[in-house]
Amino acid sequence: MRFNRTLLSVTLVVVALVIQVSVLARLQLPGAVPDLLLLTVLGLAFVYGHVSGALIGFGAGLLADLAPPADHAAGRYALVLCVIGYLAGLARPTNGQLKSALAPMAVVVAAAIGSTLLYAGVGALVGDTAARHVGLGSLLFTAAVYDLLLAPFTVPLIMALARRTENDPLTESSGGGDVAAGWLTSGTGLRIGSQRGGLRVKAARNRAARAGRIKGVKRL
């Protein structure tokens, strides 16, 4: 990954991990815990792709494995987020622009359920049966609900920041506004960048027509 990608990814992952450990993990909500670290990996993978998504997911998961009060084997959550980051990168929107909220919402739900199942599955292989005592069905439902509620406030912002560090020329015309609008409008068809482009084309045509009329008057 390039330096700007690495710097932004490390910063966002560290911030997400601190909020996860110091705030979200202390809410004592029923069932699962909102996974801000997972949403951060998803947002970055949506822009950077599957390879970077897997690397970011592995690094973020490894930090979570080592951060106190970790009570599981190191590498367990790193494997989970590595797989999730890779798969999310394969499903990234074209040019990182969200035309509808339906697809990323579906990915968030699938990632929340998939990460919980994979984490429980790896735990079962190493003899950790904590998910059985809590209730796997309850964990799956609450994880999906919590992450889905938190996603609109985090994923569009992370994607906008990721696109800006890429120095993408599309950022100037469609930018982070389209990312947030594509999520929050939920498939209404509103695309700010396209509207701006249409206005610019119309203005250019008007100028050309006005110049043609002026030249015709001068010739007469």
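Leu136 belongs to helix α7, which spans residues 136-165, in a model that is predicted. With a relative accessible area of 33%, Leu136 is classed as partly exposed, because this value falls between the 20% limit for buried and the 50% limit for exposed residues.

- Although Leu136 and Thr116 are 20 residues apart along the chain, their C-alpha atoms are separated by 8.5 Å.

**The largest nonpolar core**
- The largest nonpolar core comprises 34 residues, and those with the most contacts inside it are Leu37, Leu38, Leu42, Leu44, Tyr48, Tyr77 and Leu81.
- Two or more residues are given to this core by each of the elements α1 (3-22), α2 (36-48), α3 (50-66), α4 (76-90), α5 (102-125) and α7, while the largest share, 11 residues, comes from α2.
- Tyr48, which is among the core residues with the most contacts inside it, is in contact with Arg5, Leu8, Ser9, Ile56, Arg92, Ala162, Thr165 and Glu166, when its neighbours within four places in sequence are left aside.

**Val33 in the loop between α1 and α2**
- Val33 is located in the loop that lies between α1 and α2, and it is partly exposed, having a relative accessible area of 37%.
- If residues up to four places away in sequence are not counted, Val33 touches Gln20, Leu24, Ala25, Tyr146 and Asp147.
- The C-alpha atoms of Val33 and Thr142 are separated by 7.8 Å, with the two residues lying 109 residues apart along the chain.

Terms used:
Residues are numbered from 1 along each chain as its sequence is written. This is a predicted model: local features need pLDDT of at least 70, side-chain atom pairs count only at pLDDT 80 or more; totals for chains, interfaces and linings use all residues. Side-chain values use heavy atoms; hydrogens and water are left out. Helices (H or I, at least four residues) and strands (E, at least two) are DSSP runs, numbered from the N terminus. Buried means under 20% relative accessible area, exposed over 50%, partly exposed in between (1.4 Å probe, protein chains only). A nonpolar core is a set of buried Ala, Val, Leu, Ile, Met, Phe, Trp, Tyr and Cys residues joined through side-chain atoms within 4.5 Å. Contact means heavy atoms within 4.5 Å.
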